[in-house]
Amino acid sequence: MGALALAVAAPVAYVAGFTVFKLTGRRMPRLTGARFLHTTWTLASSPAWLVGLGLLIGGMVVQSMVLTRIPVSAVVPMYGPVMVVLLLVAITNFRERVTPGELGALAVLVLALLAFAAAGGLLRGTVPAGPAGPWDPHAPLWKVALLIGPSLVFPLWLFVVRDSPVDGRHAKRVTGVAFGLGAGVLVGCAESSGAAVARLLRHDPSAWQAVLRTPHLYIVVVAGLLGAGLAQIGLQRCRLSVVIIMLAVGSKASLWLGGIMVYGQPWPETPRKFALSAVGLVLAAASVFLIPRHEREEPAGEPAAEGAAVPDRSPFAPRRDAWAAPVLPAPVVEPRQAVQPPVPRSAAAMRYAALRDEAAGRGDRA
């Protein structure tokens, strides 16, 4: 039961950390992965954001410890109840409006987690108490590269290309699904490598030299920080419920597949467990298509002190004109003088005017 309690504590720490990210994102200037130095400076100089990052690191450490004790198929379903609590937090604290499609996606995701729970033996209370498989820390480098390479392509595309600040007519529409999945793949990759590190340190906590000779710790740091940064960008612009649900789908699918294909986790032993695991993966993928792809972007707040806006004076702050198109002065248009229509005159008036002009002409010659 101790391992199961830790398995529940890990997603709670994750949700708490991402909730802190959502709160701090409202007081930050607009973040974008295309301006990496500015985003890094803004996040690193925020004490509240560092607290949220500490919660995420704590959840990842607990998750790594759990993965060395019980199978990954039994760890993944622990996120089901937390997703329901998260939805209530988003509705009550952040006043988010949940659409019927999102409720359907959450229901399908819960069914997927129930399928994983049945495959892992949680529904019958038959979780094995021994080691959860090798989590081989000496996995071949080509297998590790096979996991890390594709996991970085999509998030880096989001950082560098998709998240470039283009406003006006050509502005890109915001999607919490992409941010959530991209951050989830990175987090799942970090969790898989973290489990390999925990396997090395389980029997000898002082074996840090062996850990430093493997790529796993560096993968944890790089993928974990990139995942946290991408999640913060998504939480600043999109709703908490959408980003975190998609993050759970991406991270748990990446953890499950990476553990089996790279780190030596056992495949489902029986055809029944294999079928339940396949059903869980299919339902998790189906939940992604029920979430709306685009939504209205939430405005990013500017830091304020005593009611006055405080400009961002960091050395990596972008130019203000980089966020929006330049505002040109309106052209000055002088009003035209009204043209008076000619007044019709009678024949007598016209003869009088002709005689007057003729007399004026004789006077000038004289």
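Guide: The following account treats the nonpolar cores, a salt bridge, the cavities and a pocket in turn.

This is a predicted model, in which local features need pLDDT of at least 70 and side-chain atom pairs count only at pLDDT 80 or more, whereas totals for chains, interfaces and linings use all residues. Residues are numbered from 1 along each chain as its sequence is written, and side-chain values use heavy atoms, with hydrogens and water left out.

Let us begin with the packing. A nonpolar core is a set of buried Ala, Val, Leu, Ile, Met, Phe, Trp, Tyr and Cys residues joined through side-chain atoms within 4.5 Å; buried means under 20% relative accessible area, exposed over 50%, and partly exposed in between (1.4 Å probe, protein chains only). The largest such core holds 49 residues, and F18 and M83 touch the most other members. Two or more residues come from each of α1 (2–25), α3 (47–67), α5 (79–92), α6 (100–120), α8, α10 (216–237), α11 and α12 (271–289). Helices (H or I, at least four residues) and strands (E, at least two) are DSSP runs, numbered from the N terminus. Helix α11 gives the largest share of this core, 9 residues. Leaving aside neighbours within four places in sequence, M83 is in contact (heavy atoms within 4.5 Å) with L106, L109, I244, I245 and A248. A second, separate core has 25 residues, including V66, M78, W256 and Y263.

A salt bridge is a side-chain nitrogen of Lys or Arg within 4 Å of a carboxyl oxygen of Asp or Glu. The whole structure contains 1 salt bridge, formed by the side chains of K252 and E191 at 2.9 Å, N to O. K252 lies in helix α11 (residues 240–261) and E191 in helix α8 (residues 176–202), so the pair ties together parts that are 61 residues apart in sequence. K252 is buried, with a relative accessible area of 6%, and E191 is buried at 1%.

On a 1 Å grid over the protein atoms alone, a cavity is a set of points where a 1.4 Å probe fits but cannot get out, and a pocket is an open set with protein on both sides within 12 Å along at least five of seven lines; lining residues have an atom within 4 Å of a point. Grid points are joined across faces, edges and corners, and a volume is the space filled by probe spheres set on the points. There are 2 cavities of 30 Å³ or more. The largest cavity has about 110 Å³ of space and 13 lining residues, of which L109, L113, A248, V249 and K252 lie nearest its centre. Its lining divides into 12 nonpolar, no polar and 1 charged; here Ala, Val, Leu, Ile, Met, Phe, Trp, Tyr, Cys and Pro count as nonpolar, Asp, Glu, Lys and Arg as charged, and the others, Gly among them, as polar.

The second largest cavity has a volume of about 80 Å³. Among its 14 lining residues, Y14, F18, Y79, L247 and A248 are the closest to its centre. Helix α11 supplies the largest share of this lining, 5 residues.

Finally, the largest pocket has a volume of about 550 Å³. Of its 24 lining residues, I57, M60, V61, S64 and V220 lie nearest its centre, and α3 provides the largest share, 7 residues.
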